[in-house]
Amino acid sequence: MATWNSRGLRGSVLEDMINRTNERYLAEGLALIQKIPTPITPINIDKETRHITLAYFDQKSTVDYIGAVQGIPVCFDAKECAVNTFSLQNIHPHQVAFMENFEKQDGIAFFLIYYTSRDEMYYLPYKDLKVFWDRAQSGGRKSFRFDELNTDYFIKHKADGFVPYLEALQKDLETRD
């Protein structure tokens, strides 16, 4: 069973950037996106600081963020990758199933991947993830390489941490029927 202190705070830099971006999008009236907390059950709590030092996850989480952009339902997950190959082990079958069902309800599902060693951000549409996922499920590569990504979906994040992912979302929408 995975526990809180064994997993650490992976992705917290990316999530901080996305949270600030979502606050700005809300202030500008462009989107309402909420961070979905992962339900945990505390096991150990430091009595002095009242911080949770050990916990287990109650249930499988679906995605990190969910909300609406100009009336369009969106959900996405944020991932960090330190190398040029993204392992699909970082994505769980229940997340893929949730995103697939979300898209069937006319929502838009995607991943935001931050390649930390390159300092590059990428918007991965669900349909593109599904190609990599299906390839792995049928015995192919269990990962995808940086050079397999569609260059149209790279995001230029700003020095202040702003991640303009709505621009990539617009490109995604333009490719749909």
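**Entry 1**

In which helix do K130 and D134 both lie, and how many residues apart are they? I found both in helix 4, four residues apart, which is about one turn of the helix. Helices (H or I, at least four residues) and strands (E, at least two) are DSSP runs, numbered from the N terminus. An α-helix has 3.6 residues a turn, so residues three or four places apart point the same way.

The side chains of K130 and D134 form a salt bridge, at 2.8 Å from N to O. A salt bridge here is a side-chain nitrogen of Lys or Arg within 4 Å of a carboxyl oxygen of Asp or Glu. K130 is partly exposed at 23% relative accessibility, and D134 is partly exposed at 37%. For these words I used relative accessible area: buried is under 20%, exposed is over 50%, and partly exposed lies in between (1.4 Å probe, protein chains only). K130 and D134 also belong to a network of salt bridges that links them with E100 and K104.

**Entry 1: what kind of model this is**

I noted that this is a predicted model, where local features need pLDDT of at least 70, side-chain atom pairs count only at pLDDT 80 or more, and totals for chains, interfaces and linings use all residues. Residues are numbered from 1 along each chain as its sequence is written, and side-chain values use heavy atoms, with hydrogens and water left out.

The pLDDT is the predictor's confidence in each residue, from 0 to 100. I read a mean pLDDT of 87 for the protein chain, with 85% of its residues at 70 or more. Over residues 1–11 the pLDDT is below 50, and this stretch has 18 contacts in the model beyond near neighbours in sequence. A contact means heavy atoms within 4.5 Å. Where pLDDT is low, the predicted coordinates should not be read in detail.

I searched the whole structure and got 14 salt bridges. One of them joins K35 and E15, with the closest N and O atoms 3.7 Å apart. K35 is in strand 1 (residues 31–35) and E15 is in helix 2 (residues 12–27), so this pair ties together parts that are 20 residues apart in sequence. E15 is buried, at 18%, while K35 is partly exposed, at 30%.

K127 and D172 form another, with the closest N and O atoms 3.6 Å apart. K127 lies in helix 4 (residues 126–137) and D172 in helix 5 (residues 165–174), so the pair ties together parts that are 45 residues apart in sequence. K127 is partly exposed at 34%, and D172 is buried at 0%.

**Entry 2: helix 2**

The expected span is 1.5 Å times one less than the number of residues.

Which residues of helix 2 are buried? I listed L14, E15, M17, I18, T21, N22 and Y25. They cover an arc of only 160 degrees around the axis, which puts them on the same side of helix 2. The arc is taken from the directions from the helix axis to the C-beta atoms. On the other side of helix 2, E23 and A27 are exposed. The cover over the buried residues includes strand 1, strand 4, strand 5, strand 7, strand 8 (120–125) and helix 5. G29 follows helix 2, and its phi is positive, near 75 degrees.

**Entry 3: helix 3**

Helix 3 (residues 93–104) has twelve residues and reaches 17 Å from its first C-alpha to its last, close to the expected 16 Å. Its buried residues are Q95, V96, M99, F102 and E103. They fall within an arc of 125 degrees seen down the axis, so they line one face of helix 3. P93 and K104 are exposed on the other side. Helix 4 is among the elements that cover the buried residues of helix 3.

I traced an open sheet of six strands, in the order 1-4-5-7-8-10, with mixed pairing. Two strands pair if DSSP finds at least two bridges between them. Strand 1 and strand 10 (154–155) stand at the edges with a single partner strand each, so one side of each has no neighbour in the sheet. Strand 7 and strand 8 run antiparallel and are joined by six bridges. The bridge partner of Y114 is M121, in strand 8.
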